[in-house]
Structure formats: C-alpha cells, structure tokens
Amino acid sequence: MNLQECQWLNEPAVWRCQENELYVSTDNKTNFWRDTWYGFQRHSGHVFGGYTGDFQLQDGFTFQCCIEGQFEHLYDQAGIMLLVDEQHWLKAGIEHSDGRATIDSVLTNGGSDWAMGIFPGEPDKFWLRLTYRDNAIRLQYSVDGVTWPLLRLSPFVVSDQRRIFIGAMCCSPEREGLQVKFSDFRLTPSLNKHLHDLS
C-alpha cells in the first residue's frame, strides 16, 4: 500500500508521513463505538487508508501493518480498521483497559461488541493482519511479525466490496496526544492459507 494514495477518515491535527511510515498524535476524546452498554455513538477516531476497490482487489484481500505506541491512559488504542459505513465496521488492536494492555477487537453490525484478552508480548510494538474473503473476516496478530495466531473469525457480509475502507486506526477516548507509529503497510490479494497456518 502506497501511503501517498491513502486518505483520512477524521484527519488528526498532528500527523506526518515519512517514507513508508505514518506518525500520528490523536485528537482529544476520539473513538469508534455504537450503542451497546454505554448507549452512545462515536465515530470520531482516526483511520488512514483506502478503498479496496481502488486497488482492484475484487476477490478478497489481506491488509497488515506494524503498530508502535505507548498505551498509558484508559482506552488508548491503535491498530487497524475495516469500515463499510457508520453501522458496519471492525476495529482491532491494543487497548489500555483495567490497568494493562489488552488485545481487542470490536465488530459492529448495528451495535458494537467488544472482545478482549491479555496481550502476550510487549504492547509497544506489534502487528495485525486482516483477511477478508467469502463474506468472512479472519483477524490475526503477531508479536514478532513472523508467527500469526488467530484473534477472531467472524461472518461479515458486504454487498459491494469496492466500498470497503481499510487502514490504520488510532483513538484516545479519554484524552489527546496518544503517539503512534505505523509501518510495514501491506495490502494484497487474500492470503488463502489454512485457518491454522500461523505463518
């Protein structure tokens, strides 16, 4: 993925691209969430990416990148996001919750769910990979960029794949100024690997 071809959803005030790296400082009280439990809707987080249709990926795709950040305040988060519209999307990454870094994913089909677990490595650098094909999302993470355990497998039906927006995501619901670096951007045709192939 050429970062020069990317665009912002909710462009932050402070960001820069340097070669194939993206540096972001989050705006104040940014987030993505829809209704569940809290009763509010937020669609103010930052996403830098593109529409898969523009890259002529009609039979599924795989997107991955490396994320580096210091997650110190409640709900600080960064990772990747797949977006169709405000009611249909998935975000995943590291999130600071209950005093520690967790590996999370939120799938929204009308309302948002939230699945979380303890991150098994150092949270200041990690990778995420999202594969979409056959109306399903396969989400993986990595602590070294080599081994990719499964984080989530979910149905996700999109009627027009050209409308899928995919990219790097960050939010800071309780503050501003979360510093995040994104690198190793890759958008390719779907990696049709066996579900338990961790490479």
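Two residues are in contact here when heavy atoms of theirs lie within 4.5 Å. This is a predicted model, in which local features need pLDDT of at least 70, side-chain atom pairs count only at pLDDT 80 or more, and totals for chains, interfaces and linings use all residues. Residues are numbered from 1 along each chain as its sequence is written, and side-chain values use heavy atoms, with hydrogens and water left out.

View 1. Threonine 62 counts as buried because its relative accessibility is 3% (buried means under 20% relative accessible area, exposed over 50%, partly exposed in between, with a 1.4 Å probe and protein chains only). Leaving aside residues up to four places away in sequence, threonine 62 touches a group that includes Arg129, Thr131, Arg186 and Leu191. Its side chain also makes a polar contact with the side chain of threonine 131, at 2.9 Å (a pair of N or O atoms within 3.5 Å; within protein, one must be able to donate a hydrogen and the other to accept it, and residues adjacent in sequence count only if both atoms are side-chain atoms).

**View 2. An open sheet of seven strands.** Follow the order β2-β3-β17-β7-β13-β14-β15, where the pairing is antiparallel (two strands pair if DSSP finds at least two bridges between them). At the edges stand β2 (14-18) and β15 (150-155), each with a single partner strand, so one side of each has no neighbour in the sheet. Ignoring direction, neighbouring strands here are turned by 20° against each other on average (the axes are lines fitted to C-alpha atoms, and angles run from 0 to 180 degrees between N-to-C directions). Inside the sheet, eight bridges join β7 (residues 61-69) to β13 (residues 125-133). Look for glutamine 64, which stands opposite arginine 129 in β13.

View 3. You will find asparagine 10 in the loop between β1 (7-9) and β2, partly exposed with a relative accessible area of 28%. The loop between β2 and β3 (21-25) holds glutamate 19, which counts as exposed at 74% relative accessibility.

Definitions and conventions:
Helix = DSSP H or I, 4+ residues; strand = E, 2+ residues; numbered from the N terminus.
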